[in-house]
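Here's a quick tour for anyone meeting this structure for the first time. Have a look at it, and then we'll walk through a few spots.

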Amino acid sequence: MGEKNWAGNYEYRAQRILQPADLDELREIVTTAPKIRALGSRHSFNDLADTAADVDGVLVSTASLPAGISIDADARTVTVGGGVRYGDLARELQTAGWALHNLASLPHISVAGAIATATHGSGDRNGNLSTAVSGLRILTASGELVSLTRGDTEFAGAAVALGALGVVTDVTLDIRPTFDARQRLFAGVPWEAVLDRFDEVTSAAYSVSLFTTWEEDTVSLAWLKELDGAPTAIGEDFFGAPALTEARHMISTMDVRNTTEQLGVVGPWSERLAHFRFEFTPSNGEEIQSEYLVPRARAVEAIRAVRNLAPVIAPLLQISEIRTVAADDLWLSSAYGTDAVGLHFTWLRDQAGVEAVLPAVEAALLPLGARPHWGKVFVDADGVVPTLYPKLDAFRALADRLDPERRFRNPFLTRLLG
């Protein structure tokens with residue numbers, strides 16, 4: 001077919017990509033295709049969003065489905081079409097005086113795609129984007145619209161569902177009154193501070209991201225997102241690292257204009273919580289991403305283990321980010337049952353090279369309970385990942401009930417669910 005994902009590292013094997021304009025068109029496609037998968041903003045780096053190549057497999061793009069952004073001020077929720085991008089939603093909410101609790105690094109991703117994979121921002125007290133979901137509607141292979149709300153028995157299985165249940169047409173999210181934030185950057189955080197005072201480091205702001213290539217003598221960059229007016233003990237020094245006075249991209253060769261405003265300039269949450277500006281494409285896609293969410297109790301051990309691998313991974317690495325996510329009860333969430341620390345790798349776009357070094361990374365991290373991000377590249381040669389999810393059997397039963405013919409099942413899900 002020739003169609004690729006955003007990064008260009010994966011070519012879809014489906015026979016067709018269709019782009020329905022409304023629910024009726026979507027239902028017609030869903031009820032007639034032998035194999036089908038929903039396709040959002042194409043920011044998955046693996047075959048999660050693809051379907052089988054040996055049948056008339058169909059990818060259905062959600063980009064043209066109605067946005068339907070509807071705010072319920074009394075309930076403090078917003079209902080939005082699953083194909084809407086977070087950047088568009090954030091602008092609408094900000095204009096109306098509302099906010100989400102967090103955003104991912106990229107505001108360009110779709111709501112349904114992000115929650116399906118437990119995509120996250122950062123912050124010790126901030127759950128991933130799926131934790132804001134209070135309800136959703138799913139169009140199943142039979143053409144039935146299934147509605148689930150927080151508190152329903154199977155809701156925790158549907159909020160992070162990898163597209164296995166059907167096409168998510170609408171999502172209802174918790175919102176809060178709008179707020180302002182600022183971003184400050186600090187260069188050269190000592191590793192000793194990160195390893196010996198990890199909880200103090202990551203709790204120093206609403207969101208803390210640490211950027212490294214693992215081979216430096218210090219953590220190259222600490223990126224703090226602070227709520228305007230919130231008390232802070234951080235002045236012009238962050239655990240020995242000085243505050244920067246010039247804006248910086250986390251990758252030194254990239255254009256800093258793509259990043260959201262820094263240097264302590266206060267602005268709305270919608271223009272600060274993401275790392276990248278919505279109006280710019282953050283890169284040309286010349287990258288591959290991997291991420292492993294480690295139980296917080298094992299985070300320092302995991303960081304030490306990856307530092308030992310620096311000679312192996314650094315030649316293929318553009319940058320790594322360390323950030324935190326609060327625990328939740330969503331069955332397939334990478335933070336299910338535990339506060340987690342994400343170790344994110346932005347690689348050069350060298351698929352073979354990345355896949356060659358990932359076994360070493362996974363040998364160090366999976367025994368610590370690390371769960372790979374569903375939408376990024378991982379190997380799991382020994383089939384360890386399914387054992388890391390205590391509710392996987394319950395999710396398998398839910399998927400089999402809503403999709404008994406397994407028409408939304410693809411090779412990725414077959415590896416996970418059978």
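## A histidine in a strand

Strands here are DSSP runs of E with at least two residues, numbered from the N terminus. Keep in mind that this is a predicted model. One such strand is β19, which covers residues 340-347 and includes H344.

Is H344 buried or exposed? With a relative accessible area of 6%, H344 is buried, because the cut-off for that label is under 20%. Its side chain has a polar partner too: the side chain of Q289, at 3.1 Å. Setting aside neighbours within four places in sequence, H344 also touches other residues, among them S290, E291, I319 and K376.

## Rings that pair up

On to the aromatics: there are 14 aromatic pairs. Take F179 and W269: their ring centres sit 6.4 Å apart with the planes at 35°, so this pair counts as tilted. F179 is in the loop between β10 and β11, while W269 is in the loop between β16 and β17, so the pair ties together parts that are 90 residues apart in sequence. Both of these residues, F179 and W269, are buried.

F238 and F239 make an edge-to-face pair, with 4.9 Å from centre to centre and 90° between the planes. Both F238 and F239 are buried as well.

## A cluster, and a charge over a ring

Which residues do ring pairs link into a cluster? They are W191, W214, Y292, F345 and W347.

One last stop is Y389: R371 lies over the face of its ring, 4.9 Å from the ring centre.

Technical notes:
Residues are numbered from 1 along each chain as its sequence is written. This is a predicted model: local features need pLDDT of at least 70, side-chain atom pairs count only at pLDDT 80 or more; totals for chains, interfaces and linings use all residues. Side-chain values use heavy atoms; hydrogens and water are left out. Helices (H or I, at least four residues) and strands (E, at least two) are DSSP runs, numbered from the N terminus. Buried means under 20% relative accessible area, exposed over 50%, partly exposed in between (1.4 Å probe, protein chains only). A polar contact is a pair of N or O atoms within 3.5 Å; within protein, one must be able to donate a hydrogen and the other to accept it, and residues adjacent in sequence count only if both atoms are side-chain atoms. Contact means heavy atoms within 4.5 Å. Rings of Phe, Tyr and Trp (its six-membered ring) pair if their centres lie within 6.5 Å; planes under 30 degrees apart count as stacked, over 60 as edge-to-face and the rest as tilted. A charge sits over a ring if NZ of Lys or CZ of Arg is within 6 Å of the ring centre and within 35 degrees of the ring normal.
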